[in-house]
Amino acid sequence: MVGWVADVIELIFLGTSASAPSIERGLSATMLLHRDQRFLIDCGEGTQRQLLLSGLGFKKLDKVLLTHGHLDHILGLGGLVSTFARWEALPTLTIYGGPWALDRVGDLLGRVVFRGDEPEMHVTYQPVEPGPIWTSEHLTVSAFPVSHRGRGCYGYCFQEETKRPFLVEEAERLGVPAGPERRRLVAGEPITLADGRVIAPEMVLGPQVPGPKLVYVGDAGRTDDLLEVARGADALVIEATYVDSEAEMAARFGHLTARQAAELARDAGVGELYLSHVSRRYPGKVVQAEARQVFPGAVVVQDFDHVRVLGAEKAEEQS
């Protein structure tokens, strides 16, 4: 039996509509949770209300990752930052994105939100380049380029650290008591039992297993340049703005069809596929049906859907 469960990456979809809101769907925004960290990915118009309706609120929301600078992905930052500044909800906010996206957000905040007598807060604009942009002991967030309209469009890969699972049955066979001794072994320290035997970590730890991997793509106009970054991901979030019958229109506007997104998921061998950025032109069930012809488990997400990303091979074995 494996004695630990990998940390869970959680997603709450706050806005899943393309370009303009509908009655059922808000504009692009997703909250990612991992341990005590929060990442808001994109911030379309109305995001702060969606945060309240979802029950997430504003607590510890100090990082925003922008996929690109189109208005349906950034306009919500004006209201959100104004609220933060007036309520002093957070002292600082770091906004990550390509230079073009950050320039537009800088204009929005600097020339509109913080103009006149509006209270200010400390906002850091962090340009991203391909590669790691944020790391902790448990999680690495990396940016990768995405082909869409405009300069500096990015997606984000969230990768939990590699772990060695604690083998409970082996520890019990060796007589390792539950408690601090096992924690020391997990931390890589040998222990000495009451009978004098020395137990080394490798005696009770299994082979290294990578943690969950989530790949998040905002708007995209092609998938061939996403295949390697998506390969083997436990979950892929990606747009599905059009259906295959309007593939030419999708290409003209730099978007994907549901079929293209599903083909990427299939070819990259991902575990779960979540489709967002859905046009008001189609019911979600139509988009989902097209994707499932290629990737049977594809899901078109709705606003406030909550999903957990955890690789099956890293979950605790169930008896």
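Start with the lining of the largest cavity: β2 (29-34) and β13 (235-239) each supply at least two of its residues. Strands here are DSSP runs of E with at least two residues, and helices are runs of H or I with at least four, both numbered from the N terminus. β13 gives the largest share of that lining, three residues.

This is a predicted model, where local features need pLDDT of at least 70 and side-chain atom pairs pLDDT 80 or more, while totals for chains, interfaces and linings use all residues. Residues are numbered from 1 along each chain as its sequence is written, and side-chain values use heavy atoms, leaving out hydrogens and water.

A cavity is a set of points on a 1 Å grid over the protein atoms alone where a 1.4 Å probe fits but cannot get out, and lining residues have an atom within 4 Å of a point. Points are joined across faces, edges and corners, and the volume is the space filled by probe spheres set on them. One cavity of 30 Å³ or more is counted. Ser28, Tyr216, Gly218, Ser276 and His277 are the closest to its centre, out of 15 lining residues.

Now the core. A nonpolar core joins buried Ala, Val, Leu, Ile, Met, Phe, Trp, Tyr and Cys residues through side-chain atoms within 4.5 Å, buried being under 20% relative accessible area with a 1.4 Å probe, protein chains only. The largest has 34 residues, and those touching the most other members include Val217, Leu236 and Leu275. α9 (258-268) is among the elements that supply at least two residues of this core, and its share, six residues, is the largest.

Methods. On a 1 Å grid over the protein atoms alone, a cavity is a set of points where a 1.4 Å probe fits but cannot get out, and a pocket is an open set with protein on both sides within 12 Å along at least five of seven lines; lining residues have an atom within 4 Å of a point. Buried means under 20% relative accessible area, exposed over 50%, partly exposed in between (1.4 Å probe, protein chains only).
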